[in-house]
Amino acid sequence: MKKRFIQICGVEYSIEEINFVADDAAMGRSNSKSGEILLSKDLPDSIKRATLLHEIIHQISDRLGIDLTEIQVRSLESGLVPFFKFDI
């Protein structure tokens, strides 16, 4: 996947696939300061889509000061992912 960009609450984020270190169980990460969303290269496309949505929800929560918990983010992700078809 080439480096791509997405707007979240008016802020541009880059989306990149990377190799996470072997002892890191993360599937994705996002950083509002650097404007990055990182996805694990090793995931199947369906999981990458869910992970991207998960990180987008985190950033919306951070940008709007909603302070969603991880359980709330996961719940929204699992409820919304069937409605979204990201081109990964």
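Lys3 is partly exposed, with a relative accessible area of 48%; here buried means under 20% relative accessible area, exposed over 50%, and partly exposed in between, with a 1.4 Å probe and protein chains only. The structure is a predicted model, in which local features need pLDDT of at least 70 and side-chain atom pairs count only at pLDDT 80 or more, while totals for chains, interfaces and linings use all residues. Residues are numbered from 1 along each chain as its sequence is written, and side-chain values use heavy atoms, with hydrogens and water left out.

The side chain of Lys3 forms a salt bridge with that of Glu16, at 3.9 Å from N to O. Because Lys3 lies in the segment before β1 and Glu16 in strand β2, this pair ties together parts that are 13 residues apart in sequence. Strands (E, at least two residues) and helices (H or I, at least four) are DSSP runs, numbered from the N terminus. Glu16 is partly exposed, at 25% relative accessibility. A salt bridge is counted where a side-chain nitrogen of Lys or Arg lies within 4 Å of a carboxyl oxygen of Asp or Glu. In general, side chains of opposite charge can pair when their charged atoms come close. Three salt bridges are found in a search of the whole structure.

Another of these joins the side chains of Glu17 and Lys48, with an N to O distance of 3.0 Å. The pair links distant parts of the chain, with Glu17 in strand β2 and Lys48 in helix α1, 31 residues apart. Glu17 and Lys48 are both buried. A further salt bridge, at 3.4 Å from N to O, is made by the side chains of Glu70 and Arg74. Both of these residues belong to helix α2, where they are four residues apart, about one turn of the helix. Glu70 is partly exposed, at 33% relative accessibility.

The strands form an open sheet of four, in the order β1-β2-β4-β3, with mixed pairing. Strands β1 (4-8) and β3 (28-31) stand at the edges with a single partner strand each, so one side of each is left without a neighbour in the sheet. From one strand to the next, the twist averages 25°, where axes are lines fitted to C-alpha atoms, for helices over the stretch in contact, and angles run from 0 to 180 degrees between N-to-C directions. Two strands are taken to pair if DSSP finds at least two bridges between them.

Strands β1 and β2 run antiparallel and are joined by five bridges. Arg4 has Ile15 in β2 as its bridge partner. Two residues lie between the strands in the hairpin of β1 and β2, where Cys9 takes a positive phi near 55°. Strand β2 (residues 11-18) and strand β4 (residues 36-40) run parallel, with five bridges between them. Within this pairing, Glu17 has Leu39 in β4 as its bridge partner. Strands β3 and β4 run antiparallel and are joined by four bridges. Arg29 stands opposite Leu38 in β4. The hairpin of β3 and β4 has four residues between the strands, and Gly35 in this hairpin takes a positive phi near 65°.

Helix α1 (residues 45-64) contains Thr51, a buried residue with a relative accessible area of 6%. The side chain of Thr51 reaches the backbone oxygen of Ile47 at 2.8 Å. Leu52 is also placed in helix α1 and is buried, at 2% relative accessibility. The C-alpha atoms of Leu52 and Ser30 are separated by 9.2 Å, the two residues being 22 apart along the chain. Ile60, likewise in helix α1, is partly exposed at 31% relative accessibility. Between the C-alpha atoms of Ile60 and Pro44, 16 residues apart along the chain, the separation is 24 Å.

A nonpolar patch on the surface is formed by Leu76, Leu80, Phe83 and Phe84, which together have about 390 Å² of accessible area. Patches consist of residues with over 30% relative accessible area and no salt bridge; like charges are joined within 9 Å, and nonpolar side chains (Val, Leu, Ile, Met, Phe, Trp, Tyr) within 5 Å. Accessible areas come from the Shrake-Rupley method with a 1.4 Å probe, and for residues only the protein chains shown count as cover. Phe83 is located in the segment after α2 (70-80) and is exposed, with a relative accessible area of 67%.

How values were computed. A polar contact is a pair of N or O atoms within 3.5 Å; within protein, one must be able to donate a hydrogen and the other to accept it, and residues adjacent in sequence count only if both atoms are side-chain atoms.
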